[in-house]
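Subject: Structure handover

Hello,

Here is the structure for you to look through. Please open it first, then read the notes below.

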Amino acid sequence: MTAPAPPPPPAPDGPVWAGSLTTVRTAAPQVVLTFDDGPQPGGTDKILAALADTGSTATFFVLVSRARRFPSLLDEVVAAGHEIGLHGLDHVRLTTLPPEEVRQRTADARAELQDRIGGPVPWVRPPYGAQDRDTWAGLTHGGLTSVLWGIDQEDWRPDVDDDHRLAMALTGLAPGMIFQGHDGFAGPEDGAFDGPAPQLDRGALLRRVLAAYAEQGLVGRSLSQVLGDGGVQLREERFPV
Ligand SMILES: [Zn+2]
């Protein structure tokens, strides 16, 4: 009598590479700094000053709706040597849209952003990190890589203070982790209806975070810089909605 054959493994219901970049494997003492929802006067400029003072670089996931309103601030980000990624045409939750619309608005937004900065935009981060399989396919159709994060300092919450945000920025800290902060706060003019903006000095918070990282021997760098220094992309099939 033979033992029954084990059941076959479940068939994958999608391509195994259908992942988003969530961390970088690296031996270098670097954290990936990313900022969303700008450019915004009073936010982006303070972030830029804190980065400059600490010799850090970052990747900014930009809203095209804001790049149109604050083009000179976008120019400042580029001129300071930071990297530009696409956050969206605006801050609408893409999982509410048909896939073909996601594909078209992503292509349009990327083209406009590349025109504005005069360079390539290789990364995309959907608003709220909200993507399902169809959204992901639309986002990445033109060759963009979807980028999420491993550290969320919760600087989008109005109901917490900087001590909480600093603690969150240190949670799970390790070389190659992708830190998510914000240089702005998307509002109704960006298609977002998320309540009141948090009141904080984004530059002061970033200085505290970078000082705490420095105490652990870690520096902040843009995504492409960490990858260029030998980092390897690690992707997860993560579909938060
Ligand atoms: Zn956002």
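Start with helix 1 (residues 44–54) and helix 3 (residues 71–79): their axes come within 10 Å and cross at roughly 15 degrees. Helices here are DSSP runs of H or I with at least four residues, strands are runs of E with at least two, and both are numbered from the N terminus. Axes are lines fitted to C-alpha atoms, for helices over the stretch in contact, and angles run from 0 to 180 degrees between N-to-C directions. The crossing angle makes helix 1 roughly parallel to helix 3. The classes are: under 35 degrees roughly parallel, over 145 roughly antiparallel, 65 to 115 roughly perpendicular, and the rest oblique.

Before going on, note that this is a predicted model: local features need pLDDT of at least 70, side-chain atom pairs count only at pLDDT 80 or more, and totals for chains, interfaces and linings use all residues. Residues are numbered from 1 along each chain as its sequence is written, and side-chain values use heavy atoms, with hydrogens and water left out.

**More on helices 1 and 3**

Helix 1 passes helix 3 in a left-handed crossing. Left-handed means the near helix is turned anticlockwise from the far one by less than a right angle; right-handed means clockwise. Thr-44, Asp-45 and Leu-48 of helix 1 make the contact with Leu-73, Glu-76 and Val-77 of helix 3. Contact means heavy atoms within 4.5 Å. By class, the residues of this contact of helix 1 with helix 3 are 3 nonpolar, 1 polar and 2 charged. Ala, Val, Leu, Ile, Met, Phe, Trp, Tyr, Cys and Pro count as nonpolar; Asp, Glu, Lys and Arg as charged; the others, Gly among them, as polar.

**Helices 3 and 4**

Helix 3 also packs with helix 4 (residues 99–117), at an angle of about 70 degrees and with the axes 10 Å apart. That angle makes helix 3 roughly perpendicular to helix 4. Helix 3 brings Pro-71, Leu-74, Asp-75 and Val-78 to the contact, and helix 4 brings Leu-113, Arg-116 and Ile-117. The contact of helix 3 with helix 4 has 5 nonpolar, no polar and 2 charged residues.

**Helices 6 and 7**

Helix 6 (162–170) packs with helix 7 (residues 202–215) at about 40 degrees, again with axes 10 Å apart. Helix 6 and helix 7 are therefore oblique to each other. Helix 6 passes helix 7 in a right-handed crossing. In helix 6, the residues in contact include Arg-165, Leu-166 and Ala-169; in helix 7, they include Leu-205, Val-209 and Tyr-213. This contact of helix 6 with helix 7 divides into 7 nonpolar, no polar and 4 charged residues.

**The zinc ion**

Which protein residues are the donors of the zinc ion? They are Asp-37 (OD), His-87 (NE2) and His-91 (NE2), at 2.1 to 2.2 Å from the ion. Donors are N, O and S atoms within 2.8 Å of the metal (3.2 Å for Na, K and Ca); water is not among the atoms, so sites may look incomplete. Along the chain the donors follow the spacing D-x49-H-x3-H. Both His-87 and His-91 are buried. Buried means under 20% relative accessible area, exposed over 50%, and partly exposed in between (1.4 Å probe, protein chains only).

**Backbone points in the loops**

The peptide bond from Gly-38 to Pro-39 is cis, with omega near 0 degrees. Pro-39 sits in the loop between strand 2 (30–38) and helix 1.

Tyr-128 is not a glycine, yet its phi is positive, near 65 degrees. Tyr-128 counts as partly exposed, at 29% relative accessibility.

Glu-154 has a positive phi too, of about 55 degrees. Glu-154 counts as buried, at 13% relative accessibility.

Best wishes
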